[in-house]
Amino acid sequence: MNKLNSKNQRIFNVVLTGVMVLIMLITVYPVWYSLINSLNSAADISKNGYALLWIRDFTWESWKTVLNDPEILKALFTTFSRTLIVTVLQTLITSMFAYGFSRPNLTGKKFYAALGFLCMYLNGGVIAYFILFNALNLYDTFWVYIIPSLFGGFYNVIIFNANFKAIPESLFESAKMDGASEPVIFFRIVLPLSKPVLSALGIFTAVGMWNDYTQTLYYTKSEGLQTLSYYTLSLMKSSEAAANLSSSLNGSSMSSILSAMSEAASNYKTIELACMILSAIPLIIMYPFAQKFFEKGVMVGSVKG
């Protein structure tokens, strides 16, 4: 019986390993595809199509264009500064709210809970936000990226609340007996004991802010305020327009013009892929450092009793 169980376990491990390797390849391949084609020449892509496994005609031209373009660098700086500021402030402010919400002596707790759950499912929509931001003079300013994102939403409050309730109440009582105020308890006891959930929600916030382009699309109009994701989207629109124009003229006698347009469309595409890789690099670098806290953070509140 033990041999049978051992054999079944080995078969299961082999199958599980194969499935996980397959999932990993499916996940990694789009990144690899983008990388090799961003390093491939536009002329080769225009002639032979996109590379599938390896670079056919290596060149740094697309990356030189990306790194030498002041607009891309400005968009990268805007995205980085927005992500850093919002991640720090949103995590801090949301955790402070959640700490107050987790205290048993909070007056009106049921009202706050009902209001929070209601706001999780209902909001004013883009038009209402546009009118509000315009009235507050936030429209087309850098602050439109910061102020509306300072609170992480009631879903994050629920996760923080589960973590704070797992801290023994006797610890709070001991701190109060020693004369510690609520801010001292929060910053010197609660936050150091909440590193896993802070890291997990910080990662979620950073990824959301880094990849967001809707704030730029709806609430800004200046080129100096565009984020990297929005800039990449603009490049995608440009490459699609060039490709569509090239195909619409196909069959005409202007073969040299068509060839140049096709190469220009491919060049836009390689620059777009380089922007995609550039935007993914910071998150890829950041994740391994926070991974040790990530699993603990996402498991908070999953086990009861």
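Q: In this predicted model, does Ser149 count as buried or exposed, and what is the relative accessibility behind that label?
A: The general idea is that a residue is called buried when its relative accessible area is under 20%. In the present case Ser149 has 9% relative accessibility, and therefore counts as buried. Ser149 lies in the loop between helix H7 (143–146) and H8.

Q: Which residues is Ser149 in contact with, once its neighbours within four places in sequence are left aside?
A: A contact is read from heavy atoms within 4.5 Å. For Ser149, with those sequence neighbours set aside, the contacts are Val86, Gln90 and Met209.

Q: How should I read Leu228, and is this residue buried or exposed?
A: The same cut-off for burial applies, under 20% relative accessible area; Leu228 has a relative accessible area of 0%, so it is buried. Leu228 lies in helix H13 (residues 228–248), and, leaving aside neighbours within four places in sequence, Leu228 is in contact with Ile72, Ala75, Leu76, Thr79, Trp210, Cys275 and Ser279.

Q: What does the secondary structure of the protein come to, and how much of the protein is buried?
A: The protein has 14 helices and zero strands. Of its 305 residues, 35% are buried, and its accessible surface comes to about 18,600 Å², with 68% of that area belonging to carbon and sulfur atoms.

Q: Which residues have the most contacts inside the largest nonpolar core?
A: A nonpolar core is read as a set of buried nonpolar residues joined through side-chain atoms within 4.5 Å. The largest one here has 20 residues, and those with the most contacts inside it are Tyr99, Phe160, Phe164, Phe172, Ile185, Phe186 and Val190. Two or more residues of this core come from each of H4, H8, helix H9 (169–177), helix H10 (182–190) and H11, and H8 gives the most, with five residues. Taking Val190 as an example, and not counting residues up to four places away in sequence, Val190 touches Tyr99, Phe164, Ile167, Phe172 and Ile185. A second, separate core has 18 residues, including Leu39, Ala51, Tyr231 and Leu278.

Q: How much space lies in the largest pocket, and which residues lie nearest its centre?
A: A pocket can be read by its volume and then by its lining. The largest pocket holds about 740 Å³ of space; its lining comprises 28 residues, and Tyr129, Pro148, Phe151, Gly152 and Gly153 lie nearest the centre. By type, the lining residues divide into 15 nonpolar, eleven polar and two charged. The helices that each supply at least two lining residues are H4 (70–102), H5 (109–121), H6 (125–135), H8 (154–165), H11 (195–211) and H12 (214–219).

Q: Where is Asn137 placed, and what is its phi?
A: One looks here for a positive phi in a residue that is not a glycine, and Asn137 has such a value, about 60°. Asn137 is in the loop between H6 and H7, and with a relative accessible area of 63% it is exposed.

Q: Is Asp140 buried or exposed?
A: Asp140 has a relative accessible area of 18% and is therefore buried. Asp140 lies in the loop between H6 and H7, and its phi is positive, near 60°, in a residue other than glycine.

Conventions: Residues are numbered from 1 along each chain as its sequence is written. This is a predicted model: local features need pLDDT of at least 70, side-chain atom pairs count only at pLDDT 80 or more; totals for chains, interfaces and linings use all residues. Side-chain values use heavy atoms; hydrogens and water are left out. On a 1 Å grid over the protein atoms alone, a cavity is a set of points where a 1.4 Å probe fits but cannot get out, and a pocket is an open set with protein on both sides within 12 Å along at least five of seven lines; lining residues have an atom within 4 Å of a point. Grid points are joined across faces, edges and corners, and a volume is the space filled by probe spheres set on the points. Helices (H or I, at least four residues) and strands (E, at least two) are DSSP runs, numbered from the N terminus. Ala, Val, Leu, Ile, Met, Phe, Trp, Tyr, Cys and Pro count as nonpolar, Asp, Glu, Lys and Arg as charged, and the others, Gly among them, as polar. Buried means under 20% relative accessible area, exposed over 50%, partly exposed in between (1.4 Å probe, protein chains only). Accessible areas come from the Shrake-Rupley method with a 1.4 Å probe; for residues, only the protein chains shown count as cover.
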